[in-house]
Amino acid sequence: MGARLKLSNRQARRLWLWTNALSDTPTGPLDLDAIIWRLGFVQIDTIRNVTRAHNHILWSRNQNVREGMIWDRLAKRDVFEHFTHDASLIDRRVLPYWRRQFDRLGALSSRHAWYQSGLGQAQIAEIRRRITDEGALSTHAFDTKAESREMWARPPHKKALDQMWYAGELATCHRENFVKFYDLGERVFPAHNPVEDAKAVDWLCSAAIDRLSIGTTGEVGRFWDAMSAREAKHWCDTADLVPVEVETAYKGCFTALAHPDIETRLATLPTPTSRLRILNPFDPAIRDRARLERLFGFDYRNEMFVPKPKRRWGYYVYPLLEGDRFVGRIELKADRKAGVLSVVGFWPEPKVHWPTARHAKLGAELQRFARFAGLKQVVWHTTPG
């Protein structure tokens with residue numbers, strides 16, 4: 001192995017933003033399919049604090065995106081819904097290589113005692129029969145009760161739907177007001193020739209490093225979360241990757257592997273837009289909190305499920321990105337009935353000065369974000385800083 005290619009911290013930060021389609025000003029003609037393909041998948045989430053995560057993630061790349069637009073892509077089969085690290089909408093071109101994930105997650109969920117029982121098998125058979133005969137159905141079409149009152153207890157029909165969905169026997173055909181409708185997988189997924197498992201691993205790992213630019217073996221494996229750590233390591237050990245040494249925000253360094261065209265990517269790397277951006281907590285650029293802190297020195301945690309007295313910041317807190325650094329975080333809440341976007345918390349990053357011009361940038365982005373969510377005004381309930 002030759003000498004490692006060295007990346008400065010600024011190069012690494014700009015490379016990461018470019019890789020995540022955050023370098024350019026988010027304007028111009030909208031190509032939603034190109035954004036989704038660039039990212040690989042878009043996480044979906046039930047919480048609608050201002051707008052749901054999938055809407056916000058796409059809007060951050062192009063502000064001509066409108067809420068709910070991605071569901072048209074699901075209905076047209078341009079994306080499919082399944083589980084990466086979480087529930088996600090995945091570009092259709094990934095589907096031929098996804099059988100291993102159906103098999104892996106289906107096998108994991110089938111190990112539960114409920115599935116092994118006669119009740120589980122009976123529920124699955126009944127759901128398959130109904131959907132075969134009646135067409136797509138939502139969970140509301142079934143009526144069984146959870147066996148306990150624990151918060152996370154799930155009724156038998158929901159367990160059966162989940163098992164079949166994980167295994168690819170059922171697929172999300174569309175959503176209505178975020179409610180998932182299930183149909184048979186063969187009716188939703190387009191037919192394609194089977195892909196050998198080794199080729200699927202190779203394709204998924206290659207696609208992962210393309211969307212990471214640089215990464216450790218663990219990061220390559222966790223990108224799709226569709227393989228074991230051993231499989232990812234074997235691929236990284238045998239693939240044509242470039243060893244790199246990356247400077248951290250704290251002037252240390254870490255070693256990783258880079259995409260084969262890393263030198264071209266670095267040579268053509270654009271300067272990030274100076275527009276201040278409000279990013280979603282589930283944005284792919286910040287999903288890996290360890291990488292985020294290594295590259296940007298930005299300590300961010302999602303505190304939605306942290307008891308209020310133990311939160312450092314707030315319930316739904318958005319990172320603020322300007323150029324190639326994070327300059328603060330802000331807690332927002334929408335009152336759609338009143339048409340108000342409320343600022344309930346604001347925390348500038350230590351050592352980041354907030355002159356009038358930066359505040360004006362934030363104000364402009366808040367107004368844009370409010371309009372995107374159909375809100376008429378922004379109201380501050382905390383000191384602007």
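Predicted model: local features only at pLDDT ≥ 70, side-chain atom pairs only at ≥ 80, totals over all residues.
Biologist: Which residues touch the most other members in the largest nonpolar core?
Modeller: They are W98, I214, V220, W224, F296 and F326, in a core of 55 residues.

Biologist: And which helix gives the largest share of this core?
Modeller: Helix α10, residues 197-212, supplies seven residues, the largest share.

Biologist: What is W224 in contact with, leaving aside its neighbours within four places in sequence?
Modeller: Its contacts include G40, F41, T84 and H85. Also among them are I90, V94, W98 and Q101, together with W203, L204, A207 and A208.

Biologist: Changing topic, how many salt bridges does the structure hold?
Modeller: There are 33 salt bridges in the structure. In one of them R13 is joined to D324, with the closest N and O atoms 3.0 Å apart.

Biologist: Where do R13 and D324 sit in the chain?
Modeller: R13 belongs to helix α1 (residues 9-19), whereas D324 is in the loop between β12 (317-322) and β13 (325-335). The pair links distant parts of the chain, 311 residues apart.

Biologist: Are R13 and D324 buried or exposed?
Modeller: Both R13 and D324 are buried.

Biologist: What about D210 and R211, is each buried or partly exposed?
Modeller: D210 has 33% relative accessibility, so it counts as partly exposed. R211 counts as buried because its relative accessibility is 7%, under the 20% cut-off. Their side chains meet in a salt bridge at 3.8 Å, N to O.

Biologist: Which side chain meets that of D299 in a salt bridge?
Modeller: The side chain of R301 does, at 3.4 Å from N to O. R301 counts as partly exposed because its relative accessibility is 38%.

Biologist: Now the open sheet of three strands: what is its order?
Modeller: The order is β2-β4-β3, and the pairing is antiparallel. The edge strands, β2 (41-43) and β3 (79-83), each pair on one side only. From one strand to the next, the twist averages 30 degrees.

Biologist: How many bridges are there between β3 and β4?
Modeller: β3 pairs with β4 (residues 87-91) over five bridges, in the antiparallel sense. The bridge partner of E81 in β4 is L89.

Note on methods:
Residues numbered from 1 in each chain as written. Heavy atoms only, no water. Core = buried A, V, L, I, M, F, W, Y, C linked by side-chain atoms within 4.5 Å. Buried < 20%, exposed > 50% of the residue type's maximum accessible area, 1.4 Å probe, protein only. Helix = DSSP H or I, 4+ residues; strand = E, 2+ residues; numbered from the N terminus. Contact = heavy atoms within 4.5 Å. Salt bridge = Lys/Arg side-chain N within 4 Å of Asp/Glu carboxyl O. Pairing = 2+ DSSP bridges. Axes fitted to C-alpha atoms, helices over the stretch in contact; angles between N-to-C directions.
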